[in-house]
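Here is a short briefing to read alongside the model. Take a moment with the sequence and the 3D view, then follow the topics below.

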Amino acid sequence: MVNAVSNALTELQPKDFEVLVEILFSRVWRRVGKAGGGLRFVDNTFEDPMNPDRIIGVQVKSETSKRQLFDYLDQKDIDRYDHFYFVYHTLRGELDAGEIDENVVALIGRMQLANLVVDSGLTHWLKEKVS
């Protein structure tokens, strides 16, 4: 099932992909501010309900490249967040082990996202969007 979900993720329109990621993150954290393109650096900002001073930034890209990822990581705005997630379903090029500092950013690629979709019971939502 996870493989089918993984393949279906690539069929989502970019806006639907953003919505899916927002739904997943909203199950753990509380969204603050306006979602989507209105934010300058991230697509979504969340706070930890147990510690509202802890701010989480989430950048969503349907397709991205190693260069685009590193451009985000080089921006000073990343320091505003206690934790930063970069979520994508398609990466052009490959990342070598150790190229990303996991203390700075957590990457969530297609397979990890597919597992989250299955675990969260969102397969029906996904199926409706790609049908």
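**Salt bridges, sheet and cores**

The salt bridges in this structure come to nine. The model is a predicted one, so please read each point below with that in mind.

**Charged pairs**

- Lys129 and Asp16 meet through their side chains in a salt bridge, at 3.9 Å from N to O. Lys129 belongs to helix H5 and Asp16 to helix H2, so this pair ties together parts that lie 113 residues apart in sequence.
- Lys129 itself counts as partly exposed, at 40% relative accessibility.
- Another salt bridge joins Arg54 to Asp48, with the closest N and O atoms 3.7 Å apart. Arg54 is partly exposed, with a relative accessible area of 29%, whereas Asp48 is buried, with 15%.
- The side chains of Asp77 and Arg80 also form a salt bridge, 3.4 Å from N to O. Here Asp77 is buried at 5% relative accessibility, while Arg80 is exposed at 58%.

- How many of the five residues of strand S2 (residues 44–48) are buried? Five of the five are, so S2 is largely enclosed by the rest of the structure.
- Asn44, Phe46 and Asp48 point one way from S2, and Thr45 and Glu47 point the other way; all are buried.
- Strand S1 (residues 30–32) runs antiparallel to S2 and is joined to it by three bridges. Across this pairing, Arg31 stands opposite Phe46.
- S2 also pairs with S3, again in the antiparallel sense, over five bridges. Glu47 stands opposite Ile55 of S3, and the two strands form a hairpin with two residues between them.

**The parallel strands**

- S3 and S4 run parallel and are joined by nine bridges; Val58 has Tyr85 in S4 as its bridge partner.
- S4 pairs with S5 in the parallel sense over three bridges, and the partner of Phe86 in S5 is Leu107.
- Seven of the ten residues of S4 are buried, so this strand is largely enclosed by the rest of the structure.
- Together, S3, H3 and S4 make a right-handed β-α-β unit.

**Helix H3**

- Which residues of helix H3 (residues 66–73) are buried? They are Leu69, Tyr72 and Leu73. Viewed down the axis of H3, these buried residues fall within an arc of 100°, so they line one face of the helix.
- The cover over the buried residues of H3 includes strand S3 (51–65), strand S4 (83–92) and strand S5 (106–108).

**Nonpolar cores**

- The largest nonpolar core has 24 residues, of which Leu9, Phe25, Val58, Tyr85 and Val87 touch the most other members.
- The elements giving two or more residues to this core are helix H1 (2–9), helix H2 (14–26), S3, S4, S5, helix H4 (110–119) and helix H5 (123–130). The largest share, five residues, comes from H2.
- Leaving aside neighbours within four places in sequence, Tyr85 is in contact with Phe25, Trp29, Ile56, Gly57, Val58, Gln59, Val105, Ala106 and Ile108.
- A second, separate core holds twelve residues, including Val42, Leu69, Tyr88 and Ile100.

Notes:
Residues are numbered from 1 along each chain as its sequence is written. This is a predicted model: local features need pLDDT of at least 70, side-chain atom pairs count only at pLDDT 80 or more; totals for chains, interfaces and linings use all residues. Side-chain values use heavy atoms; hydrogens and water are left out. Buried means under 20% relative accessible area, exposed over 50%, partly exposed in between (1.4 Å probe, protein chains only). Helices (H or I, at least four residues) and strands (E, at least two) are DSSP runs, numbered from the N terminus. The arc is that of the directions from the helix axis to the C-beta atoms. Contact means heavy atoms within 4.5 Å. A nonpolar core is a set of buried Ala, Val, Leu, Ile, Met, Phe, Trp, Tyr and Cys residues joined through side-chain atoms within 4.5 Å. Two strands pair if DSSP finds at least two bridges between them. A crossover is right-handed if, with the strands pointing away from the viewer, the path from the first strand over the helix to the second runs clockwise. A salt bridge is a side-chain nitrogen of Lys or Arg within 4 Å of a carboxyl oxygen of Asp or Glu.
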